[in-house]
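Please read this briefing beside the sequence and the structure.

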Amino acid sequence: MNAPRLAAVIVLAAGEGTRMKSSTPKVLHRIGGRTLVGHAIAAARAAGPEHLAVVVRHERDLVAAHVAEVDSSVVIADQDDVKGTGRATECALAVLPELEGTVLVTYGDVPLLAGETLLALLDEHARSDSAVTVITAHLADPTGYGRILRDEDGTVAGIVEQKDASDEQRAITEINSGIYAFDAAVLRTALAQVGTDNAQGEKYLTDVLAIARSAGGRVSAHVIDDLWQTEGVNDRVQLARLGKELNRRTTERWMREGVTIVDPDTTWIDTDVTIGRDTTVLPGTQLLGATTIGADAVIGPDSTLTDTEVGDGAEVKRTEALLAVIGAGATVGPFSYLRPGTELGAKGKIGGFVETKNAKIADGAKVPHLTYAGNVTIGEGANIGAGTIFANYDGVSKHHTTIGRHSFVGSNSVLVAPVTVADGAYVGAGSAVTEDVEPGQIAVARGRQHNIDGWVTRARAGTKSAEAAQAAAAGRPAEDAGAAARHTEHSTEGQGHA
């Protein structure tokens, strides 16, 4: 049998989703790093349609703009004032060219539906030579879903919505997923005959089944066991539930690909993340957006990486990173904050309590601890001492600092941009550097130390510090001074003036 021709996939995303109680359209809520409609579009594209249409209405401009961002070749169809899934599908057909072959109809709020399932539906539809094929599943509690009505021979006789069903029909556990395969000509002809004579006054897509059947067409069911793929999102409880299940599937997939995830329950990985083999992900880690992790890396614990690239063999501990690049064999953390534009070279180091932004840190360079590095280029093998501040903002504009290859910046220094420390140059600890430092020079920019004799005894009289100083000057042990202070009845500790 030749591969069936998939003329189009139509994604219905026009609903308001009032039960979400949100100013954000339902289909724009996210799980796994994608919007609900984004998941629907990805599944539809995986089936390989000639055309893909998304039907919109509620917050039309917001949804349409997002759809175009996700997939610029999607055709947007606007649903008019006539309600119902049948009318929504009709509006999509109106903006698509004349179709021949099979049309799949899916929903924008069924995020766990897989492209493989749509392909299986397409194959079943073609194999059975059906006019209509519907994905169904058996639910222990089918409340809210349309029920599948079957004839004595097992073929599908029709679908009845919950609101229109009798008590006997409501007892049926086989439900309509809302996902169909139609012969294009049958769909177009049948929709023209569908009315709104029902409890909701809507034009139901489900009525197409009965019309197709009465015209002699075969109506089939493609039953799936994975009930999650049929579940839609109607409120935030379902959103969280489906999000958790999606994450479970994602973490399981990566573990089967050779990634060690120590605690999947506390690890969240978005759908578009990629991870190399033999990487270990420790508890409390979130890998979000388009993050890519190489092989043999160690990520976490307690780290959040968003749209970040991590090279092979790197270690990232208790770190937040956004739009950053971490080179192979590099180490980051703990308690580091890598802001957009951070690029750490191979075997480089960003240590504890370091914040970086627009920082290019070359191979083997080190920013070990307690540093802010913004708008800076740090050359290969350079070392930045603890407590260094790259003062990049003058109150009006941001300026750049350049640190040369194999240079050294001493602890507790401030480099006031724009400034350059050349290759092989040094900056003495505690310096405030405002001028360029040439190759091989050492810059020392600090006031000369001045010790004032007797200041503590005069300015802090009666304090433990003063007692200790007096005892030391007299050659007595410091603990004796402390004892004397503890037994002073009229201590004036802390009352002295500078």
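The second largest pocket has a volume of about 450 Å³, and among the 18 residues that line this pocket, L112, L113, A114, L246 and T271 are the closest to its centre. The model is predicted, so that local features need pLDDT of at least 70 and side-chain atom pairs count only at pLDDT 80 or more, whereas totals for chains, interfaces and linings use all residues. Residues are numbered from 1 along each chain as its sequence is written, and side-chain values use heavy atoms, with hydrogens and water left out.

**Pockets**

- A pocket here is an open set of points, on a 1 Å grid over the protein atoms alone, where a 1.4 Å probe fits and where protein lies on both sides within 12 Å along at least five of seven lines; lining residues have an atom within 4 Å of a point.
- A volume is the space filled by probe spheres set on the points, with grid points joined across faces, edges and corners.
- The elements that give two or more residues to the lining of the second largest pocket are α1 (36-46), α4 (115-127) and α8, where helices (H or I, at least four residues) and strands (E, at least two) are DSSP runs numbered from the N terminus.
- The lining of the second largest pocket divides into eight nonpolar, five polar and five charged residues, counting Ala, Val, Leu, Ile, Met, Phe, Trp, Tyr, Cys and Pro as nonpolar, Asp, Glu, Lys and Arg as charged, and the others, Gly among them, as polar.
- The largest pocket has a volume of about 1,700 Å³, and of the 49 residues that line it, R19, K26, Y107, D109 and N234 lie nearest its centre.
- At least two residues of the lining of the largest pocket come from each of α3 (85-95), β10 (174-183) and α8 (236-256), and β10 provides the largest share, four residues.
- By class, 16 nonpolar, 20 polar and 13 charged residues make up the lining of the largest pocket.

**Annotated positions**

- An unreviewed UniProt entry places the feature "binding site" at D109 and N234; although these are spread over 126 residues of sequence, they cluster in space, with a largest C-alpha distance of 8.0 Å.
- Both D109 and N234 belong to the lining of the largest pocket, and D109 lies in the loop between β6 (102-107) and α4.
- For "domain: MobA-like NTP transferase", UniProt lists residues 9-137 in an unreviewed entry; UniProt positions follow the numbering used here, feature names are shortened, and annotations may be inferred rather than shown by experiment.
- The span of residues 9-137 is 36% helix and 23% strand, and its end C-alpha atoms lie 21 Å apart.

**A helix pair**

- Helix α6 (residues 184-191) packs against helix α7 (residues 207-214) at an angle of about 110°, with their axes 9 Å apart.
- The two helices α6 and α7 are therefore roughly perpendicular to each other, a label that covers angles of 65 to 115 degrees.
- V186, L187, A190 and L191 in α6 meet V208, I211 and A212 in α7, where contact means heavy atoms within 4.5 Å.
- The residues of this contact of α6 with α7 divide into seven nonpolar, no polar and no charged.

**Backbone details**

- Most residues other than glycine have a negative phi, and most peptide bonds are trans.
- A cis peptide bond, with omega about 5°, joins G333 and P334, and P334 is placed in the loop between β24 (331-332) and β25 (336-338).
- F335, found in the loop between β24 and β25, has a positive phi of about 60° although it is not a glycine.

Conventions:
Axes fitted to C-alpha atoms, helices over the stretch in contact; angles between N-to-C directions. Parallel < 35°, antiparallel > 145°, perpendicular 65-115°, else oblique.
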